[in-house]
Amino acid sequence: PRAGKATAVFTLANVVPVMYVLGLGTLLQHLFGGSLFWWSLAGSLAVAAYSLVGGLRSVVYSDLIQFGVMCSAVALLLVWSVGTYGGLPFLRENLPATHWDLAGPYPWQTTLAWGFIAMGTLIDPNFYQRCFAAASDRTARTGILISTVIWCGFDLCTTFGAMYARAVIPEAESATAYLVYGLQLLPPGLRGFLLAGILATILSTLDSYLFLAGSTVAHDLGPRSWRDRIQPYRIAIPTTAVVAALIASLFSDQMIQVWKVFGSLFTGALLLPMLLTLFKPHKMSERLFLTAVSSSVVAIIAHHLLMVTANESPYFPAYHAF
């Protein structure tokens with residue numbers, strides 16, 4: 001029970017969808033003007049509303065539609081970019097040399113730390129929620145393999161699309177460069193489809209994380225009596241949306257650092273103990289599990305404070321995993 005509560009705290013810190021609320025707010029602000037906070041809040045509450053209507057079933061059905069739109073949109077932008085400007089020779093001519101270096105302008109420790117944080121997928125509760133909802137082990141395995149292939153293709157499309165944006169409009173703000181580039185490149189009609197694709201990309205993760213964060217509060221952190229009642233979930237999910245919007249507004253200029261901090265805390269504290277208990281069940285006591293998790297957290301926070309005190313690299317959160 002204590003291990004469950006401790007794990008739920010770190011899970012909640014990781015799944016409160018601050019980045020995606022900020023992304024949704026930025027998109028709406030770019031389209032309609034106004035305050036980033038109010039658009040972030042309105043967007044996140046709208047997503048919370050449809051997530052509450054049918055629970056996990058609503059999230060899965062909406063994700064199915066969003067999946068088709070977002071994959072088609074990013075593929076369309078990449079194909080149109082190649083047809084308009086050419087392929088790799090154009091990019092090599094118009095991008096800094098560091099864009100072709102595997103580690104970019106950052107030290108290898110940063111690249112490895114991002115890779116380590118990405119391994120958090122292995123303990124991401126969204127991953128397990130989908131697997132447990134599958135009809136059989138075989139269905140889950142097949143789904144994972146298909147998803148991984150599609151994931152690689154989607155990331156290649158978005159990465160190369162962003163590289164075209166950097167090459168064509170190098171003066172654009174990085175937060176909105178992909179969107180601005182797509183709206184400049186595509187003709188009317190297809191621009192709307194691109195906007196729908198970008199919106200679907202944000203929503204497909206935002207609704208899952210909001211639903212999961214609310215479930216973590218109601219099921220794992222709340223008293224046991226909450227688990228069999230629907231009301232705590234109906235309160236926790238929109239409350240999580242409001243909290244995410246507040247955090248996004250407070251740290252909108254430091255979101256990459258915030259993402260690294262929370263990601264490194266979640267992965268650094270839980271990855272090894274969780275994998276050990278999965279592959280070697282009953283070999284780790286609750287006390288040992290809590291000791292491992294708490295000592296990792298203390299080490300990560302201490303390292304963070306030392307880096308801040310020393311006023312070192314602004315990318316200090318990336319070293320937390322080590």
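α1 (2-15), α7 (125-133), α10, α12 (255-279) and α13 (286-310) each give at least two residues to the lining of the second largest pocket. Helices here are DSSP runs (H or I, at least four residues), numbered from the N terminus. The model is predicted: local features need pLDDT of at least 70, side-chain atom pairs count only at pLDDT 80 or more, and totals for chains, interfaces and linings use all residues. Residues are numbered from 1 along each chain as its sequence is written, and side-chain values use heavy atoms, without hydrogens and water.

**Exercise 1.** Describe the lining of the second largest pocket.

Step 1: On a 1 Å grid over the protein atoms alone, a pocket is an open set of points with protein on both sides within 12 Å along at least five of seven lines; lining residues have an atom within 4 Å of a point.

Step 2: Count. The lining has 28 residues, and A3, G4, T7, A8 and D220 lie nearest the pocket centre.

Step 3: Find the main supplier. α1 gives the most, with six residues.

Step 4: Sort by class. There are 15 nonpolar, eight polar and five charged residues. Ala, Val, Leu, Ile, Met, Phe, Trp, Tyr, Cys and Pro count as nonpolar, Asp, Glu, Lys and Arg as charged, and the others, Gly among them, as polar.

**Exercise 2.** How do α10 and α11 pack?

Step 1: Take the angle and distance. Helix α10 (residues 190-221) and helix α11 (residues 231-250) pack at about 130°, with axes 8 Å apart. Axes are lines fitted to C-alpha atoms over the stretch in contact, and angles run from 0 to 180 degrees between N-to-C directions.

Step 2: Name the arrangement. α10 and α11 are therefore oblique to each other. The cut-offs are under 35 degrees for roughly parallel, over 145 for roughly antiparallel, 65 to 115 for roughly perpendicular, and oblique for the rest.

Step 3: Sort the contact (heavy atoms within 4.5 Å). α10 with α11 has 10 nonpolar, four polar and no charged residues.

**Exercise 3.** At what angle do α3 and α11 pack, and which residues meet?

Step 1: The angle between helix α3 (residues 36-54) and α11 is about 160°, and their axes are 9 Å apart.

Step 2: That makes α3 roughly antiparallel to α11.

Step 3: From α3, the contact includes F37, S40 and L41; from α11, it includes Y233, R234 and I237.

Step 4: The classes are 12 nonpolar, three polar and one charged.

**Exercise 4.** How are α3 and α4 placed?

Step 1: The axes of α3 and helix α4 (residues 56-85) come within 5 Å and cross at roughly 120°.

Step 2: α3 and α4 are therefore oblique to each other.

Step 3: Y50, S51, V53 and G54 of α3 meet residues of α4, including L56 and R57.

Definitions and conventions
1 Å grid on protein atoms, 1.4 Å probe; cavity = no way out; pocket = protein on both sides within 12 Å on 5 of 7 lines; lining within 4 Å.
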